[in-house]
Amino acid sequence: MTTPSGATVRTGIRPVSVGRRLKDRTVQVLICLAFVLALIPLASVLWMVVKNGMQRFDLEFLTHSMRNIGARDVGGGAYHAIVGTLQQVLLASLIAVPIGLLTAIYLVEYGEGGRPARTIGFFVDVMTGVPSVVSGLFVLAFWILVLGMPFSGFAGALALSILMMPVVVRSAEEMLRLVPRELREASYALGVPKWRTVVKVVLPTAFTGIATGVMLAVARVAGETAPLLLTVFFTDSINNDPFNGPQMGLPLYVFDQAGRPTDAAIDRAWSGALTLILIVMLLNLVARLIGWWRSPARKGS
């Protein structure tokens, strides 16, 4: 670089070589190609579910149960399974989200790398890798066989909550760690107690990310079949009481209908899978809207 006086100054910045630019472009292309390849099976499965599920996705399917519908009969619906899934996922969320969120708050705000925090983190990691059938077996052995409780939607919710907790803990923990330290220190400087700082400053700032993590946990358990097979049992009738008697769920409904050797049952299975996907998408949309509504950026504007 030449100064106005005519002197030459070395800036120390060398132009990027052709080889490095070629390598950068090649890596970009490979990443885009890998992304497209990863989308192919997802788009294929989604297209198959939509194409086959629309054949029976009608008002009758959404408002009728399988009561008095034989194995070879045409008709029936998944209303009883939709009610069961919504109640079971709601109960599991009411159990897992408060426990998971309080655990994440302790690990980030109060644990500070101590021995109890490390122990809790270890068990959370262990729970993350536990197969879903193990949670169902645990609830079956303790809740149903030892305590003598009946098969019910609540028993299924207990099994699902075990699967939800580690996802909620880890996602909430990461969101809480992303909150800038300066916000906490500013609150402490004003004489605000730590618990109030967590409630009024930290949690609202991380609310959008926490809501996203909760929805990831919901999507994780909404399609689980193994825990429900062991704790909920099967029924063709509508059961609005999740605390008493067998209660159907959409994963169980798809599993049951797919195992029947008739075209009508297979169509109902595809429609049940489509309904489950739509429910999870709708819940994610609601969570996004709530996160947008409660975001600090929107409140500040």
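This is a predicted model: local features need pLDDT of at least 70, side-chain atom pairs count only at pLDDT 80 or more; totals for chains, interfaces and linings use all residues.
1. Residues are numbered from 1 along each chain as its sequence is written, and side-chain values use heavy atoms, with hydrogens and water left out.

2. Helix α5 covers residues 132–146, helices here being DSSP runs of H or I with at least four residues, numbered from the N terminus. Its 15 residues should span 21 Å at 1.5 Å a residue, and the end C-alpha atoms, 20 Å apart, agree with that; the expected span is 1.5 Å times one less than the number of residues.

3. A kink of about 30° in α5 is centred on Leu-140, the bend at a residue being the angle between axes fitted to the seven residues ending there and the seven starting there. Leu-140 is also among the buried residues of α5, together with Ser-132, Ser-135, Gly-136, Val-139 and Ile-144 (buried means under 20% relative accessible area, exposed over 50%, partly exposed in between, with a 1.4 Å probe and protein chains only).

4. After α5 comes Gly-148, and its phi is positive, near 75°.

5. Asn-68, which is not a glycine, has a positive phi of about 65°; this residue sits in the loop between α2 (59–63) and α3 (79–111) and is exposed, with a relative accessible area of 72%.

6. Phe-233, likewise not a glycine, has a positive phi of about 75°, lies in the loop between α9 and α10 (250–258), and counts as partly exposed at 43% relative accessibility.

Note on methods: Helices (H or I, at least four residues) and strands (E, at least two) are DSSP runs, numbered from the N terminus.
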